[in-house]
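Dear colleague,

Please find below the structure for your review. A summary of the findings follows it.

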Amino acid sequence: MTMEIKDSGSVVLTAYHPHSPARIPGMEQSFVQDIPPSHSPTSRKSIPRCRRINRMLSNESAPPPAFGRSNSQASMDSTSMEDFWCEVESIKESREDGSEEATLLEFKPADEGELEAEWLQDVGLSTLISGAEEEDGQALLSTLTRTQAAAVQKRYNTYTQTLRKKNKHTVRDVRDIFGTSDSSPTFETVPVSPVPSNGIQLPGQKPVWKSVSSNSCLDCGLDKGSPSITEELSYEVSFSESIMIFPKTQEWPKNQRFKKEDSALPKFIVRKSRFGLTDVGDLSPEDMKKIRYLSLIELTAFYDALGVELKRNRAERVRGRENGLFGVPLTILLENDQKKVPGIKVPLIFQKLLLKLEETGLETEGILRVPGSASRVKNLHQELEAKFYEDTFDWDQVRNNDAAGLLKMFIRELPSPLFTVEYLPAFITLVEKISKIKLQLQALHLLIMLLPEANRDTAKAFLQFLKKVVANEGKNKMNLWNVSMIVAPNLFIYKGKRANQQEMQAAATTAHIVRLLIRYQDILWTVPSFLISQVRKTNEAAMNNSKRQLMFDKGVRKLLRRKTMERERPERPEGAVTFPPYLQSDIPEGVIRVYAPLHSKVSMAIQLNSQTKAKDILARFHCENSRGSSQNTRGQIQSLHEIGGNIGQHCLDPDAYMLDVYRANPQAEWVIKPKAS
């Protein structure tokens, strides 16, 4: 089966199903056909209602979806769609029998200019609204690319024009912010010089790619031996700047075909540059906050470059439960769990459900698809709420299909969706309006970077589990598309929200999004290097602004003079702090002092050369301390961390070339310690 873009501009999306009969040419309808009766006794109850849903959607008089010029208006063969509709029906039945609460999220209408004001606040530029001269906002603005600056300027223009119409107060002129003579400049569509991974652009230096080996690239695609197209992804240049090398008038090819088999998905390779790769957990929370600011700016610029509107919901905050397991906001759930297990990043109940299924359910035929007993799931839900934190719940009584039902219930019951209410429309749009999978993946990558930490960590754990389910397809009969069809309504038809016709017509769209999330999760949880480079530049700009401010502060100058006089005294005061060697600055060029507080030999000066890698330094410390290491270090995975300078904290890739990292951040300190889990 293939996806064909018809002359009218619409798309017919068809998909393979492992038990689907061969399609007969000319039988395609505008959406879906009636679902044939299933041979599975476990789904007989809901099939008649699933049929009615499909009949409703195949009705020619039904209004078209409100997505405008869609490139992937979902149209699937009926057998392939059966899993999706029956899962929707199962969700509906669980809510009707009272096993799930149905608190609706209310959407607030946005006044003119309010969306732009919220956007400016969400990207860390609230100073443009308040008029305050904050250093962080100025530092961020100074690091934007051309397309990113144009995106900010466009939203700020709309905001200021709205305020002038309302005569609220005087606003800053956009030319005062961007230093332009025209409030709507035209940027040249030329490529940008690459920026080394995780580093600052070095004069005259080009990215150096390593030869392909098991450790030299991030390989996300299909199993070995599967025929597929291999494409290389670059993190060196911002995605929006890469789009600008194409003419803005470019139209997607009308004869494009999109096969639904797993083997048709491209195989993407992200090669490690000399700076290595960085996972989202490798950066400090402060730097990840800046990554989120920059990701929203970049995503907006990316959509602007493609001529696509970046839609977002504006929902009232629904206050969930403050105690219990189900229906509790992730942040509150984690706060409660961290009192029991400090540092935990994924809720304990979610981890336990995943562990239960991984230990006993991965080979269960129809896992996730075949529903458990509704009455048993309801009773288990109530028993978990009462006994989980007391450690008296008997997990041996939980059947695999019931555990899968509880897992999906947990996701649906979240007061706010796992992928957030605000940007669910952006997830849909990236498939509805963007036809190339590579561009879809880039948009999806930025959306993952936008997620709050709790959502992102929980989603990662869930997708890792789904990948294991697909890996056991030979026994559980659940391939990538089957799993995606079942999971999609649980992620995108959120708590208390009934599936309307438009959302049902987007069934294949949401399933395709889940498929991309599962297949390319290793890529999606890697921070693009151009964003890290911008964080470094933002931090440097903020430090320079602070230094300039200090020079003009009379009080600080007086304090410095007093400190200078104190340093001239011959005696050293009793109890004065002696800085450890790794903090001292009298180190020759190209030599770093590495500090390892958990080892018997706590510091070592190391001369760097062009081939020194982070793992070489770790190996040297391990060799020097193999006999005298404390018990605390044994069994722990130690990593080299870059701390301070133009980065908060950065856990380095073992394959990072240290001389390049050192030159990008010569003021950093280098510490060996366990990597945060």
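The structure holds 20 salt bridges. Please note that the model is predicted.

In one of these salt bridges, the side chains of Glu 241 and Arg 146 meet at 2.7 Å, N to O. Glu 241 belongs to helix α8 (residues 239–243) and Arg 146 to helix α6 (residues 146–166), so the pair ties together parts that are 95 residues apart in sequence. Glu 241 is buried, at 2% relative accessibility, whereas Arg 146 is partly exposed, at 25%.

A further salt bridge pairs Asp 282 with Lys 675, with 3.2 Å between the closest N and O atoms. Because Asp 282 lies in the loop between β5 (267–271) and α9 (285–306) and Lys 675 in the segment after β10 (669–674), this pair ties together parts that are 393 residues apart in sequence. Asp 282 is buried, with a relative accessibility of 7%, while Lys 675 is partly exposed, with 41%.

Lys 468 and Glu 358 also form a salt bridge, their closest N and O atoms being 3.3 Å apart. This pair links helix α16 (residues 453–471), which holds Lys 468, with helix α11 (residues 348–360), which holds Glu 358.

Finally, the search finds zero disulfides.

With kind regards

Note on methods: Residues numbered from 1 in each chain as written. Predicted model: local features only at pLDDT ≥ 70, side-chain atom pairs only at ≥ 80, totals over all residues. Heavy atoms only, no water. Disulfide = S-S within 2.5 Å. Salt bridge = Lys/Arg side-chain N within 4 Å of Asp/Glu carboxyl O. Helix = DSSP H or I, 4+ residues; strand = E, 2+ residues; numbered from the N terminus. Buried < 20%, exposed > 50% of the residue type's maximum accessible area, 1.4 Å probe, protein only.
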